[in-house]
Amino acid sequence: MSNSRVINFGAGPSALPETVLEETTKALFNFNGTGIGIAEISHRSKEFGAYIAHCADLIREQLQVPLTHEILFTQGGGSAQFSAVVLNLLARHCLLYPDLSDEERVMDYVITGSWSKAAAEEAKRLGRGHFHVAVDARAYSKNGESFDNIPLHNSYNFSTGNPALIYYCENETVNGVQFSSDETSPASFPFHLLPKGKLPPLVGDYSSSFMSRPIPRLADHAIIYAGAQKNIGPAGLTILIVRQDCIVDVDSAVQLGATPVPLTMSYKTLASQKSLFNTPPVLAIYMSGLVLERNKALGGLKYYEEVNTRKAQKVYDALRDGETKGVLRAHVQEGSGSIMNIVFEVLKEGGEARFLAEAEKRGMKGLKGHRSVGGIRVSLYNAITEEQTDKLVSFMTAFIQKETNSF
């Protein structure tokens, strides 16, 4: 199989381990000895019910998810969670504080890139609660309008009192910025600025970094969600980690003025039905389970954190060499760069097209940057090996030298 495959540096749907693809082809004909293919089997069957529970156990074990949180599986991607988070947490807020007006139900948003901006726009569109920007990274960018940094801690202005939710996106896939997992770093999320002495309604979008390294202060989060199509499996599956106090009776909240929550978006529905209220993305869950089993066998998050850090460092070193020689330019300010998605420009006229064409000749695809940013984007998800990363770095080094000689 490997002889006919290229290296997929795309941002998602992303590369998957070949062993997982091979195992899936077998399961398409016969899932776990049932004689029924995984794409055909009933989600109500005891075999699939056991498998989805197994997937949740693998996530709980590897991320060290406390028993205070439920692990749920749903559909709709991160974009559906932009809405679900707002509706569920405003319903919770209505139950906790029934006498408050909509204007007093504050939603804090940390805006550091295209996806957190989209989440914020959806919160405003839904039109309930008071929308508050805790920080907008564009104000601290090199040109005053780009998402190229993680703001310093003294830039944040969280609302006081009891906000309904506090939202951030841990890794911005489009822009290539990521919060540091080192809490001493100025680019880390400022957990210390959150309301003290309470269960914070903290929401983290981890779609493009989920299972690539440990999640700082996971237990302090109300909700963590992730689309599977970056590090875990194919598109179609969304994984939720929801604190139990955020799984509320949304219908009771309607009686107090909350917006009705669609059943398929209600965390209470998902939890009470063990993620099987309606037919889930069965094939995507199966493949994600294979990836999670493989992760565990390789050493779990410790293994991936070390490998992913090395991979990113190699690409950043090549990028800095290209900057020194006037061939490349990083999109993100020093210290705010993602280890998952590295974004840069090729400076010489026609250089981007040459970079992409020459990379494709060498069997490397998916490197074109997002249409809103342009340039080059290297996505180094878990399935991209260190050997494949070395091939890219070797190409970048040769390309930089060739461009330098042509000046």
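This is a predicted model: local features need pLDDT of at least 70, side-chain atom pairs count only at pLDDT 80 or more; totals for chains, interfaces and linings use all residues.
The protein chain comprises 10 helices and 14 strands, and its C-alpha atoms occupy a box of roughly 70 × 60 × 35 Å along the principal axes. The radius of gyration is 22 Å, in agreement with the value near 22 Å that a compact globule of 407 residues would have. Of these 407 residues, 54% are buried, and among contacts with a separation of 6 or more, 69% are made by residues 24 or more positions apart. The accessible surface amounts to about 17100 Å², with carbon and sulfur atoms contributing 52% of that area. The chain carries 40 positive and 43 negative side chains, and the centres of the two sets are 3 Å apart.

Helix 7, formed by residues 282–298, contains 17 residues and extends 25 Å from its first C-alpha to its last, close to the expected 24 Å. Its buried residues are Val282, Ala284, Ile285, Tyr286, Met287, Ser288, Gly289, Leu290, Val291, Leu292 and Asn295, and the elements that cover them include helix 1 (18–27), helix 2 (46–63), strand 2 (69–74) and helix 8 (300–324). Asn295, which belongs to helix 7, has a relative accessible area of 1% and is therefore classed as buried, the cut-off being under 20%. Leaving aside neighbours within four places in sequence, Asn295 is in contact with Gln62, Met211, Gly300, Tyr304 and Asn382. Helix 7 is followed by Gly299, whose phi is positive, near 125°.

Helix 8 has 25 residues, and the 36 Å between its end C-alpha atoms agrees with the 36 Å that it should span at 1.5 Å a residue. Its buried residues include Gly300, Tyr304, Val307, Asn308, Lys311, Val315, Leu319 and Gly322. In an α-helix there are 3.6 residues a turn, so residues three or four places apart point the same way. Cover for the buried residues of helix 8 comes from elements including helix 2, helix 7, strand 11 (328–330), strand 12 (341–346) and helix 10 (386–405). Just after helix 8, Gly326 adopts a positive phi of about 75°.

Strand 2, one of the elements covering helix 7, contains His69. This histidine, His69, is likewise buried, with a relative accessible area of 1%. When neighbours within four places in sequence are left aside, the contacts of His69 are Arg60, Leu218, Ala219, His221, Ala222, Ile241, Val242, Arg243 and Gln244.

Several backbone exceptions were also identified. Most residues other than glycine have a negative phi, and most peptide bonds are trans. Gln64, although not a glycine, has a positive phi of about 55°; Gln64 is located in the loop between helix 2 and strand 2 and is exposed, with a relative accessible area of 66%. Lys274, again not a glycine, also has a positive phi of about 55°; Lys274 is placed in the loop between helix 6 (267–272) and helix 7, where its relative accessible area of 65% makes it exposed.

Key: Residues are numbered from 1 along each chain as its sequence is written. Side-chain values use heavy atoms; hydrogens and water are left out. Helices (H or I, at least four residues) and strands (E, at least two) are DSSP runs, numbered from the N terminus. The expected span of a helix is 1.5 Å times one less than its number of residues. Buried means under 20% relative accessible area, exposed over 50%, partly exposed in between (1.4 Å probe, protein chains only). Contact means heavy atoms within 4.5 Å. The radius of gyration is taken over C-alpha atoms; the globule rule is 2.2 Å times the number of residues to the power 0.38. Accessible areas come from the Shrake-Rupley method with a 1.4 Å probe; for residues, only the protein chains shown count as cover. Lys and Arg count as positive and Asp and Glu as negative; His and the chain ends are not counted. The place of a charge is taken as NZ of Lys, CZ of Arg, CG of Asp or CD of Glu.
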